[in-house]
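Dear colleague,

I am passing on the structure we spoke about, with the sequence alongside it.

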Amino acid sequence: MKIIMGYSDKMSACPGETLKFMVSCDRARSYKARLVQIIHGDTSPEGPGYKERAVKADFEGEYNGRHQEIHAGSHVIVPSQQRLDALKSFTVQAFLWPTTPQKGVQTVIARWDPSGKGGFILGLDEKGALRLTVGDGKGAVEQVSTGKSMVAREWYFVGASFDAATGTVELHQQPLVTYARTDDGGTARKTIKVKGLGGAGAPLTMAATPAGEGNGRTIGADHYNGKIDRPRLADRPLSRVDMELLKGDTLPDALAPSLVAAWDFSREMETEKVVDLSANRLHGETVNLPARAMTGHNWTGEEMCWRHKPQHYGAIHFHDDDLYDSQWSSDFEFTVPGSLKSGLYAVHLATDNDEDFIPFVVRPKRGTKTADVVFVLPTASYMAYANEHMMTDAPLAEHLTDQVAVMQPADVFLHEHREYGASCYDTHSDGSGVCYSSRLRPILTMRPKYQSWLGGKGSSLWQMNADTHITDWLEEQGFSYDCITDEDLHNEGYSALAPYRVFITSTHHEYWSKEMWDALDAFKKAGGRLMYMGANAWYWRIAFHRSKPGVIEVRRAEDGIRAWAAEPGEYYHSFTGEYGGLWRRNGRPPQKMAGTGFSAQGFDVCSYYRRMPGSEDPRAQFIFDGVDDKIIGDFGLIGGGAAGLELDRADRLLGTPPNALVLASSEAHSPVYMVVCEEILINAPGMCGGEHPLVRADLVFYETAGGGAVFSTSSIAWSGSLSHNNYDNNVSRITANVLKRFMDEKPF
């Protein structure tokens with residue numbers, strides 16, 4: 001079981017910049033912290049083993065342990081205001097699309113003081129029926145329910161009124177679509193003994209009830225799963241006709257004196273702001289990033305982009321397991337000294353029985369370099385896979401790998417502690433896809449020594465640990481290099497790459513924003529050289545939040561290898577309004593960037609490359625200097641070969657430049673390898689390794705018009721072969737030949 005874990009406020013820092021580290025330590029009075037440079041994070045006994053370099057840091061030492069809580073679940077908070085405190089009688093209404101109506105008590109809209117039990121809560125009861133709770137703040141609390149269970153993933157209009165003078169409560173639960181033999185609508189009317197309405201000073205909340213304070217924020221309870229659209233609040237009991245008038249986009253003048261708030265979730269949806277259209281301006285704010293740009297109760301399918309018809313996207317989808325920022329208190333800080341070499345580092349935390357690493361990148365000062373080569377860590381991809389639950393949740397995991405999944409303590413911990421957030425490969429507790437992922441939490445799958453469920457023979461070689469095969473090789477071969485993150489690339493654009501001659505990718509640089517793509521494209525056009533050291537890159541288009549740091553969004557639209565699919569009408573990013581899905585669907589196939597693009601995947605064993613006629617071209621002579629072998633990479637730490645896991649191929653129709661040379665192609669992949677679904681127009685037999693020609697990786701080289709060049713390995717497993725035979729092998733030799741020539745300033 002995990003005892004200690006932590007995270008940092010940033011993923012990278014320049015000399016002079018400060019990082020904060022947040023730590024939670026259970027069942028141990030103290031822990032030790034120190035700084036290390038991560039050289040090789042893979043613990044495979046067949047390889048070089050785990051390598052680190054200890055670095056002196058002023059924070060090094062022993063610290064008192066303490067437990068820090070994570071409070072997951074999204075909701076809205078509207079701060080307490082006089083207009084709310086003046087409420088006696090009221091009407092509250094909204095449209096609901098509940099996704100787990102029978103999971104237990106859930107709050108839709110509340111203004112509730114948990115200490116005095118005063119105010120009101122409109123929500124669902126234990127059976128999924130609409131219920132209103134009213135408390136006078138003096139101990140008297142009563143509840144009224146329709147007694148009609150709602151159906152999951154169906155739209156309802158709901159309304160509730162309370163007359164403080166008479167104690168009369170009315171509830172309305174109206175399904176927008178009715179079904180035979182389905183009794184899910186109705187009304188309720190009851191006179192209760194509670195006459196006063198307490199809760200003065202309490203905020204108004206949506207999708208959760210206040211349950212206390214922690215770290216300066218309101219903690220929610222009884223979280224609601226599903227969509228809420230057009231919530232309204234009035235200061236008197238409204239007739240059913242008046243409620244109908246409040247449903248629309250235009251607020252009736254006749255009801256303006258009684259209207260306390262009319263929230264419109266289609267306004268400013270790129271932000272956390274929740275806009276009130278009434279004269280009172282009772283604006284609120286979302287907590288833990290519920291999903292926005294969601295289809296509302298009136299969406300018809302006539303418009304697929306929320307920017308074009310926002311009134312059809314007036315819903316927010318809330319989840320009881322949403323998480324943006326753990327909001328832990330800082331334990332210590334580290335200001336990067338000017339003498340510290342650029343690279344991948346980590347704070348190592350240790351108790352007597354457990355350890356954790358908090359990785360981060362030290363980069364040169366902005367606009368400067370210490371080497372001609374820059375290695376870019378794919379932190380967006382790390383975030384997309386952060387704390388993934390595929391081993392415990394995905395029913396096809398063992399079929400994909402053709403092996404029994406072996407769980408580690410981190411996997412068990414994440415399975416038992418869902419409050420640590422999910423990956424973009426998971427679904428929420430209500431079955432909807434996770435489209436946001438943040439780094440402001442402990443990411444236990446982004447750690448040196450972590451053994452991934454993927455990788456076939458010699459597992460653990462996926463994401464960050466596979467990427468350290470590259471840093472290890474660079475160190476062993478004596479190549480100087482700088483490190484930055486792709487989040488740096490997104491924020492700074494081409495200026496982050498301008499000082500460098502060579503850009504080296506990671507093994508799996510899958511998730512790219514437009515800003516990242518444009519920056520690398522400009523680098524290539526300016527004569528930069530690209531070494532693509534992996535596969536399945538430039539695949540999913542993502543967006544970064546424009547004001548909240550460290551969070552990405554992915555909409556899995558229409559096509560591609562997907563753990564879940566976005567709902568129709570929800571293909572556009574809420575952060576930016578950009579169309580999501582594959583870059584290929586956005587008119588930018590990976591072949592246009594690297595000459596190759598995703599073609600097949602399989603996760604049992606890896607294979608090798610066979611040299612093609614392109615390798616005999618004089619233009620490629622420098623690549624194979626000292627390499628006479630016809631077979632390349634029939635060895636390695638990842639599945640026993642250099643070609644595997646995910647494979648890319650050249651394709652002129654998808655944008656491979658006409659001057660590209662196919663130097664080698666992989667072969668003899670097992671039947672576990674399958675052609676990716678975006679290549680399949682009609683399902684048919686023969687889509688497996690050994691049967692279909694698209695199940696291959698192409699080693700590709702081409703020159704660019706600006707005097708630069710591109711070399712693509714097209715396999716996630718390539719870097720796992722670099723260290724074979726003490727780094728003396730044809731994969732290592734080819735990679736070194738390319739890097740040496742790419743570092744040469746002489747134009748191609």
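Below are the findings, taken up by topic.

Please bear in mind throughout that this is a predicted model, and that every value quoted here was computed from that predicted model.

A search across the whole structure turned up ten cavities with a volume of 30 Å³ or more, and the largest cavity has a volume of about 130 Å³. Its lining is made up of 17 residues, and those that lie nearest its centre are Asp 322, Leu 323, His 428, Val 434 and Tyr 436. Strand β29, which spans residues 436-438, supplies the largest share of the lining of this largest cavity, namely three residues. Sorted by class, the lining of the largest cavity comprises eight nonpolar, six polar and three charged residues.

**Cysteines**

How many disulfides does the structure hold? The structure holds zero disulfides. In the case of Cys 305, which is in no disulfide, the nearest cysteine sulfur belongs to Cys 435 and is 16 Å away.

Thr 209 is found in strand β17, which covers residues 209-214, and it is buried, with a relative accessible area of 6%. Setting aside residues up to four places away in sequence, Thr 209 touches Thr 107, Ala 110, Trp 112, Ile 121, Ile 219, Gly 220, Ala 221 and Asp 222.

Asp 222 is also among the residues that Val 105 touches, together with Leu 124, Asp 125, Glu 126 and Arg 131, again not counting residues up to four places away in sequence. Val 105 itself has its place in the loop between β8 (90-98) and β9 (106-113), where it is partly exposed, with a relative accessible area of 29%. The C-alpha atoms of Val 105 and Gly 128, which are 23 residues apart along the chain, are separated by 7.6 Å.

**Two residues with positive phi**

Which backbone angle sets Arg 181 and Ala 293 apart for these notes? Arg 181 has a positive phi of about 65° although it is not a glycine, and phi of Ala 293, also a residue other than glycine, is positive as well, near 60°. Arg 181 lies in the loop between β14 (168-175) and β15 (186-191), and at 89% relative accessibility it counts as exposed. Ala 293, by contrast, is found in strand β23, residues 291-294, and counts as buried at 1% relative accessibility.

Leaving aside its neighbours within four places in sequence, Ser 44 is in contact with Gly 49 and Leu 637. The C-alpha atoms of Ser 44 and Ile 638 are separated by 9.6 Å, although the two residues are 594 residues apart along the chain.

Arg 585 lies in another loop, the one between β35 (551-554) and α10 (590-594), and is partly exposed, with a relative accessible area of 43%. Not counting residues up to four places away in sequence, Arg 585 touches Glu 558, Asp 559 and Tyr 579. With the side chain of Asp 559, the side chain of Arg 585 makes a polar contact of 3.3 Å. Between the C-alpha atoms of Arg 585 and Pro 45, which are 540 residues apart along the chain, the separation is 41 Å.

With best regards

Key: Residues are numbered from 1 along each chain as its sequence is written. This is a predicted model: local features need pLDDT of at least 70, side-chain atom pairs count only at pLDDT 80 or more; totals for chains, interfaces and linings use all residues. Side-chain values use heavy atoms; hydrogens and water are left out. On a 1 Å grid over the protein atoms alone, a cavity is a set of points where a 1.4 Å probe fits but cannot get out, and a pocket is an open set with protein on both sides within 12 Å along at least five of seven lines; lining residues have an atom within 4 Å of a point. Grid points are joined across faces, edges and corners, and a volume is the space filled by probe spheres set on the points. Helices (H or I, at least four residues) and strands (E, at least two) are DSSP runs, numbered from the N terminus. Ala, Val, Leu, Ile, Met, Phe, Trp, Tyr, Cys and Pro count as nonpolar, Asp, Glu, Lys and Arg as charged, and the others, Gly among them, as polar. Buried means under 20% relative accessible area, exposed over 50%, partly exposed in between (1.4 Å probe, protein chains only). Contact means heavy atoms within 4.5 Å. A polar contact is a pair of N or O atoms within 3.5 Å; within protein, one must be able to donate a hydrogen and the other to accept it, and residues adjacent in sequence count only if both atoms are side-chain atoms. A disulfide is a pair of cysteine sulfur atoms within 2.5 Å.
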